[in-house]
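Work through the exercises below with the sequence and the model open. Each task is followed by a solution in steps.

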Amino acid sequence: MANDSVTEPVRKSGVAPFLAKAVGVVVILVLAGLLVLWGVQRYVTNRLTPDPTTIASASLEGLREQNRLSAFAARYVAVVTSKQSQLGFTMEKTLIMPGMVRYEVDMAKLTQSDVAWDGNSKTLSVRLPAVEADGPQVDLNAVREYGSGGVLTTFTDAEKRLDAANRRAGQIELIRQAGEPAMIKLARDATRRAVERSFAMPLRAAGIDATVAVRFADEPTANTERWDTSRSLQDVLGNRR
C-alpha cells in the first residue's frame, strides 16, 4: 500500500512524459552532432586529401594549352638524281637535300574522355592522338647539286625541269624517311615520356604514388583491359556536378 501511494503522485505529476521527451531531445541532439561531425570530417578530407582526378584534369588543361607538342625531331638527307633526254643529248643532275622533320601531337584533340583513372591499381591511363610529321624543313644553305647538261643547258629549259623534278623527289624522299616505322617509334617514345612526366610530376608533388601509362590512338596494343575497368575524367568529374 505504501508503494502505491508513492508512485501514484509521480504518474499524475507528468514526470515520466517529461523524461521521455528529454531523452528524445538528447537523442536528436546526439544524431545532429554526429551529422555535423561527419560533415566536418568529409569537408576536411576533401580539402586536405589530394584528388588524383582533379590534379590530372589540371595537367590535361595545361597540355591542351600547348596546342601542338613536339618532343622529337630528326634530320634526314635525300639524295636524288634525274635525267632529261632531248635533241639526242642527255642531261643528268643529282641533288643532295638535307631537311629537318619535327614530330608533333595535336594536344588540342585531347579530351577528358582520353584520360582515365583506375583507383585500384593507382594507374592514370592517357590516350594520345597519332604522331604527325611536320615538314620537312629544307636547309637551303646545305643543298648541293651536281651534274651538267652541256648543249641542253644552253638551248633548252631541261635544267629547270631537272631542278624541279629533283626538288619534288627530294621532298618525297625526306617524307618517306621520316615515316619509317623505326622513326615513328622513336617519336612516340619521346612524346610518351614527355606526357608521362607532365602528368606524373604534379601527382607526385601532391604525395600520390601513381603510374602513368600513355599510348597512342593508332598504336597497336595487346592490353586494353585497363581502359575497360578505369573511369575517364569526363565520367568522374561529370558525376560530381
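**Exercise 1.** Is Ala 178 buried or exposed?

*Solution.* The model is a predicted one. Step 1: take the relative accessible area of Ala 178, which is 3%. Step 2: compare with the cut-off; buried means under 20% relative accessible area. Ala 178 is therefore buried.

**Exercise 2.** Describe the span of α5 and explain how its buried residues are arranged.

*Solution.* Step 1: α5 covers residues 158-178, and its 21 residues reach 30 Å from first C-alpha to last, close to the 30 Å expected. Step 2: its buried residues are Ala 158, Leu 162, Asp 163, Asn 166, Gly 170, Leu 174, Gln 177 and Ala 178. Step 3: viewed down the axis of α5, these residues fall within an arc of 155°, so they line one face of the helix. Step 4: the face turned away from that side carries the exposed residues Lys 160, Arg 168 and Ile 172.

**Exercise 3.** Which residues touch the most other members of the largest nonpolar core?

*Solution.* Step 1: this core has 37 residues. Step 2: Tyr 103, Leu 124, Val 126 and Phe 199 touch the most other members. Step 3: the elements giving two or more residues to the core include α5, β2 and α6. Step 4: α6 gives the most, with seven residues.

Terms used: Residues numbered from 1 in each chain as written. Predicted model: local features only at pLDDT ≥ 70, side-chain atom pairs only at ≥ 80, totals over all residues. Heavy atoms only, no water. Helix = DSSP H or I, 4+ residues; strand = E, 2+ residues; numbered from the N terminus. Expected span 1.5 Å × (residues − 1). Buried < 20%, exposed > 50% of the residue type's maximum accessible area, 1.4 Å probe, protein only. Arc of directions from axis to C-beta. Core = buried A, V, L, I, M, F, W, Y, C linked by side-chain atoms within 4.5 Å.
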